[in-house]
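User: Please take me through how the chains of this model meet, and then through the surroundings of one residue.

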2 protein chains.
Amino acid sequence: MTDIKEIAERARLASRALGRASTSAKNLALESFACRIEQSAGTLLARNAEDVRNAEAEGLNRSLIERLKLSDSKIHQMVASVRQVVGLNDPTGQVLRDTLLDDGLELQQVTVPFGTIAAIVESRPDAVVQLISLALKSGNALIVKAGREANATVAAIEQLVRCSLLEQELPEGCVTVIYGREAVADLLGMVDWIDLIVPRGSKELIRYVQDNTRIPVIGHAEGICHIYVDAEADCEMATRVILDAKTQAPSACNAVETVLIHRDAADFVPRLAKALANASVRVRGCEVTARLAAGTPIDVITDESEWATEYGDLTIAVRVVENLDQAMTHIARFGSGHTDSILTSNPEVAQRFLREVDSAGVFHNASTRFADGFRYGLGAEVGISTGKLPPRGPAGLDGLVTYKWLLRGNGHCASSYTGENAKPFKHRQCHASAGRCRQLTSQSSPAASKFTT
Amino acid sequence: MTDIKEIAERARLASRALGRASTSAKNLALESFACRIEQSAGTLLARNAEDVRNAEAEGLNRSLIERLKLSDSKIHQMVASVRQVVGLNDPTGQVLRDTLLDDGLELQQVTVPFGTIAAIVESRPDAVVQLISLALKSGNALIVKAGREANATVAAIEQLVRCSLLEQELPEGCVTVIYGREAVADLLGMVDWIDLIVPRGSKELIRYVQDNTRIPVIGHAEGICHIYVDAEADCEMATRVILDAKTQAPSACNAVETVLIHRDAADFVPRLAKALANASVRVRGCEVTARLAAGTPIDVITDESEWATEYGDLTIAVRVVENLDQAMTHIARFGSGHTDSILTSNPEVAQRFLREVDSAGVFHNASTRFADGFRYGLGAEVGISTGKLPPRGPAGLDGLVTYKWLLRGNGHCASSYTGENAKPFKHRQCHASAGRCRQLTSQSSPAASKFTT
C-alpha cells in the first residue's frame, strides 16, 4: 500500500509537468516511443518469449497466452497505433466556452487533463502500449496495473517509454507499471490521488471496480444490445443487419443479444430463424417465436429474467412484441443501456425510438456493431461507458480530459455587481469559441473585438 | 423503502413522457406553475405560517426558521425565478457533434435529460421551487427530499406544480416530494432508478451523500479558496479583491479562506492585516505573517493541518511563501479544488498559475466570489461541483443533461468496413454542429450538403 501511495504521489507530480508540456513535446516523446519499440523489437520478442514460457509452464489458459504472445506483426501494429495517436488533435487546451462577463473580465471554459489515470488491464501488451500513448497525449500520468504473467514484456515497454519521456525532459513518473491482483484494491481506495480508472477485462473485473471505488470509472460491465424489427421493416435488410450484428464478432460488447419483432411482422420470424440456423446461430425465444419458427428448433425462454442475458457467443434471443411501446419497455427493463437499434421504414416510428430509448447509442437501420470509437470517428477508443455521466458510449481521447474555468480580470470585485447600484453583467459569448474549435494560446489576452452581443 | 421504489418507478415512467414533451409544453407548464404560485400566495403563506408555528414550538434554530419563512417578497422572487427558467434555452436536443460516417450513415451526439433526479434539500421552499423548474425545463423527473419542518409549505407547492403538469397532459409523477431524514439512505441505494443526486445543505450532508452512493452527485463538500498575492501584485487592487472575497458573503463556498503572499511582497502584509482588522476580520497566520503584521494581533497557526480549514465566517488565514511553486503546492495540498485566484501584473506568472492550478475555477486578478452559475452567465445554478468529471465548477441547466449517440443508416452493416475489401469511413464533420448551436429537429434527415471534408 505504501508503495502504491508513493507511486501515486510521484504520478501526481509528474502529471503537473506533463500538463504544462507542449503538444509537440508530447508528440516527440510518443514518436520516440514508437521508434524505440521498432528498434527493440528483438528484445521485446525475447522478453515476451520468457513470459509465454512461464505462462505455459504454469498451465495458464490458451486464449490468455494467445493475447499475451507478441509477433512481428503485432509489434508493427503497436508502432502504428502509437503513431496514430501522434496524429490525433491534442484534446487539452480547447476553449469550450468564452464569455465576456464585463469589460476586462473574461471567462473561459478550457479542457484540461484529469491528472492521474489508473488502468487495470489483463495480459495484452498491445493494450498497455495503446493506453500509454492515449494517456500521454491527453497530458495524464498513467499507472498501469498489468497481469503478473506479462511482467517481462510490460517491464520492457515501461523502460522504453521512460527513456522517451526523459529525452523530452518529462518525468519518468508519467508512466508506472505495477503487477498483481492485490494491487487493485489499493488503487481503488486512492480517491485523493487517482482521478480516473479505466478497467479493461472481464465483466466481473469491471463490476468489481465499479462497486468498490468512489473514483470515476470509464467502462461498462455488460452489453445487452437489442434490434427491434418494426412492422414496416424491410425483411431483407433486417436479416442482413441482424446477421452482421450477431455473427461478425459474437463476443464483442456491441453484438446483438435480443431481437424484438413486431407481431405484424410475424412472417419474418421463420425466415430469420432459418437464416440464423444457417449461420450456426442457436436461437432462443418466446413461445410465439417457437410456434412461428416452423421447423427451426427454438429453445423456449420461460423465465423472464433470462432476457437479460449477454450470450457473447453464437446464441440469440427472439421475442415477438405487441408494438413499439412494448419493445421499448422490454429494452428499458432488460437492456444494459449500451446500444439498441430499430429497423423500420417509418420515420415517425424511428423518431420515437431514437428519442425515447435511453441508451448510450440508439440506431436506426444500422447494425449495433457500429458502436465503437474508431467507427464513430473518435480516432481511438479508451473504452465504452454505459453510465449516464459523460463520457457516455465510446470514449475517445476526449474521454481522458475534463475542463476548468479560467477567469481573467483587472481587479474585479463581486460586490460591484450586487446590491442597490449593481452593475449589470454583459455575458457576451465569443462566437469563435462555439465547440472545441480554438486552441488556447499560451498568452491569450481578452480582445473586445472577439465578442458580439 | 417500497414506497420510495414505487415513487422512483413512477418517476421513471414520468420522465419518459417528459423527455418527449416539446419545449413549449414544458414552458407552458412552468408559466402555469408561476401563475399558480402568484394566485395562491395567500394559501402558501397560510400553510407556511403553520410550518413556522410548529418549528417554533419544537424549538428549531432561528436561522432554519428564517430560511423556512415565506413573505410576499420571497413569493415574488420565487415566481420570478420560475419565469427566468422559462426564458432559458432548452438544454436538451442540442447536437454536439454531427459526423457523416459514410454515404447515408449519419452519427449525431445529442443532449438528453438524465432521467430522474433526486434532490435532497433543507427547509427552504424557494430552493424547492427553483429545483422543480430546473428539472422540468431539462426534461428530468424530480424526487425532492424536503425537511419535515417544511411539510405543509412544500406539499402546497407540489400540489401547484402537479396541477400545472396535468394541464399540459404531463404525468404528475414528474415531481414528487418526500419528507424526513430516513428517506435519504433509501434514495442513495437506488442506483438503477435514480440517475443523478443534487444535495443541498451542510458539508456533512453532502459528504455523507458522496460517501454512500454510486449514483453521480452534483455538489461540493468544501470550499477552501485561496488568493495568491504575487511579488508583482498591485497592493491596492489586492486589498480590494481580498476584502471583497472575504467579507461580501463570508459563509459562501466561494469566499476566500487563505491568502498566500510572496515574500518579496512582505510589506503588503501589515497593510493587509490592518485593512482586514478594520473590516472586523480576524486574522490567523504563519509566524512570518505574525512578525510582519506589526501591531495587528495575529493568531499563529502552528499545526499544518489547520491550513485546510473552511472558516465560513469573518476569519482568514495568511501565509508568506517563497515563490509561485510553493504557493501552488500549498493550494494542491490544502485546497478543495473549488476556486483559487492569483493577483499579479506579470502575465507569465499568471499564465503558469492558470495552467497549473488544478481547481474547478482558476482566476487572475479577480475575486473568488465570481465562481457562481449566475455570474458565469449560465442562467441558473444547480450546484457547484468540485469533482473532476463534468459538470465541474458551477453547473447550470446544462449540468442536468447528458448526451446519447444517434446513428441513422440505411441497412448499414459493420462487416462492410472490415477485412480485406473494407470500405473506408468518410468521417466528415458537419460544420453547423460545432458547439451547442443546433436544435435537433423532430425529423432531421441527413442532407449531404451539410457536410464538408
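Predicted model: local features only at pLDDT ≥ 70, side-chain atom pairs only at ≥ 80, totals over all residues.

Analyst: Residues are numbered from 1 along each chain as its sequence is written, and chains are lettered from A and ligands numbered from 1 in the order in which they are written.

User: Which element gives the largest share of the side of chain B that touches chain A?

Analyst: Two residues are in contact if their C-beta atoms, placed from the backbone, lie within 7 Å, and the contact takes 63 residues from chain A and 63 residues from chain B. Among the elements of chain B that each supply at least two residues are helix H1 (2-19) and strand E16 (401-412), strands being DSSP runs (E) of at least two residues and helices DSSP runs (H or I) of at least four, numbered from the N terminus. The largest share, 11 residues, comes from E16(B).

User: Is Pro171(A) buried, exposed or partly exposed?

Analyst: Pro171(A) lies in the loop between helix H7 (151-167) and strand E5 (175-179) of chain A. A residue is buried if 20 or more other C-beta atoms, placed from the backbone, lie within 10 Å of its own, exposed if 12 or fewer, and partly exposed in between. Because Pro171(A) has 18 other C-beta atoms within 10 Å, Pro171(A) is partly exposed.
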